[in-house]
Amino acid sequence: MTKLQDLHRLHGQSPWLDNLRRGWITSGELQSLIDGGIRGITSNPTIFQKAITGEDSYDDQFRSLMSEGASVDDAYWSLVVRDIEAALALLRPTFDESDGGDGYVSVEVAPGLAHDTDGTIAQARELHERIAEPNVMIKIPGTKAGLPAIEQMIAEGRSINVTLLFGSERYEEVIEAYLRGLERAEGDLSRIASVASLFISRVDVEVDRRLDEIGTPEALALKGKVAVANGQVAYQVFERAFSGPRWEALVERGARVQRPLWASTGTKNPDYPDTLYVDSFIGPDTVNTMPDGTVEAFVERGTLARTVDADLAESHRVMEAAAAVGVDIADVVRVLEEEGVASFEKSFDELIGALDTKRDQLG
């Protein structure tokens, strides 16, 4: 057994990979990661921007698409869909063996749709129908506009990864959208899967900046602690939501919990342990999607112990202390959501620009 396999076997957490590139697929490296215990894959516009502009393995397909008269935007989606379909095929055995518990690959709607409910619904449907594999998850941002789209897609029986979540208040709204969608869905619910992606490290980046500005000893003592506390408190929200009569009625129809997915778990501050955001969130019915560097770090020196709810009193104390020194968590969440949407839009625009340039070079 590898450490990643033990993470799932002993603690009920699924390790996913937060990266995808064609070179890994063709070289067999992605299959090796799956053999070592990776049970799913997440992608986003930034990941594809780095992959497509950083490798020449996409050039032949892009050249062929241009010769067929495809637009640059359509060519982007064709490049992405080929990678997603190849990864889905590699993870299909995991999906089948786990009876749909894992083996998913996530692909995100265009970032420019983050505040467009109807546009999100239309593209989520189109991607589901174009890819047409049971283990694909479409990523929808958990913005206000995203909530009705999440509910509608779940009601239609589509598996959804809700992304760009930073705080418990919006997370509760996402869970409510999931439950309403399940209640509207017809028939057996067992083939509908969903995860709610709570971004971790970016919370510390923003909160630590504010704590530095406050500058008091009480504030500085909280650095590197709020992201963990924030996520662990969210796990309590998850446990409360998926219990009681309302949930039990859905379970009778085959419903699965919408698992918390810990995202942005690579450590951005070099002063913090590189496995901090994995070691602190181990627990049942959860997913941790890790960049490849974090996967390697966890395999080498990560710990295997249930931690996500080991000291919830301390998690609440940290959140209360942060508020007491002047950190407005609601504002932190607002800023991070805006920055997250903007960052993905920037990556998407840069990639389309790079493909425009490549098209012109091809003549």
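Start by selecting Glu337, which lies in helix α17 (residues 329-362). The model on screen is predicted. Is Glu337 buried or exposed? At 15% relative accessibility, Glu337 counts as buried, because the cut-off is under 20%.

Now show what surrounds Glu337. Leave aside its neighbours within four places in sequence. Glu337 is then in contact with Gly142, Thr143, Phe166 and Arg170. Pick Arg170 from that group. The side chains of Glu337 and Arg170 make a polar contact at 3.0 Å.

**Next stop: the aromatic rings**

Stay with Phe166, one of the contacts of Glu337. The model holds ten aromatic pairs. In the pair of Phe166 and Phe199, the ring centres are 5.4 Å apart and the planes meet at 50°, so this pair is tilted. Where does each partner sit? Phe166 is in the loop between β5 (160-165) and α9 (168-184), while Phe199 is in strand β6 (residues 194-199). The pair therefore ties together parts that are 33 residues apart in sequence. Phe166 and Phe199 are both buried.

Now select Phe242 and Trp247. Their ring centres lie 4.8 Å apart with the planes at 85°, so this pair is edge-to-face. Phe242 has 10% relative accessibility and counts as buried. Trp247 is buried too, with a relative accessible area of 7%.

One more ring is worth a click: Phe298. What sits over the ring of Phe298? The charged end of Lys3 does, 5.8 Å from the ring centre.

**Next stop: helix α4**

Select residues 45-54, which make up helix α4. This helix is mostly covered, with seven of its ten residues buried. Colour the buried ones: Pro45, Thr46, Ile47, Phe48, Gln49, Ala51 and Ile52. What covers them? The cover includes β2 (40-42), α6, β3 (104-108) and α17. Helix α17 is where the tour began, with Glu337.

Look at the N-terminal end of α4. Asn44 caps it. A side-chain oxygen of Asn44 lies 2.9 Å from the backbone nitrogen of Thr46.

Then zoom in on Ile52. Not counting residues up to four places away in sequence, Ile52 touches Tyr58, Tyr76, Leu79, Val80, Leu351, Leu355 and Lys358.

**Last stop: the whole chain**

The chain has 17 helices and eight strands. Its radius of gyration is 20 Å, close to the 21 Å that the globule rule gives for 363 residues, so the chain is as compact as a globular protein of that length. Along its principal axes, the C-alpha trace spans about 60 × 50 × 45 Å.

Colour by burial next. Of the 363 residues in the chain, 56% are buried.

Conventions
Residues are numbered from 1 along each chain as its sequence is written. This is a predicted model: local features need pLDDT of at least 70, side-chain atom pairs count only at pLDDT 80 or more; totals for chains, interfaces and linings use all residues. Side-chain values use heavy atoms; hydrogens and water are left out. Rings of Phe, Tyr and Trp (its six-membered ring) pair if their centres lie within 6.5 Å; planes under 30 degrees apart count as stacked, over 60 as edge-to-face and the rest as tilted. Helices (H or I, at least four residues) and strands (E, at least two) are DSSP runs, numbered from the N terminus. Buried means under 20% relative accessible area, exposed over 50%, partly exposed in between (1.4 Å probe, protein chains only). A charge sits over a ring if NZ of Lys or CZ of Arg is within 6 Å of the ring centre and within 35 degrees of the ring normal. A polar contact is a pair of N or O atoms within 3.5 Å; within protein, one must be able to donate a hydrogen and the other to accept it, and residues adjacent in sequence count only if both atoms are side-chain atoms. Contact means heavy atoms within 4.5 Å. The radius of gyration is taken over C-alpha atoms; the globule rule is 2.2 Å times the number of residues to the power 0.38.
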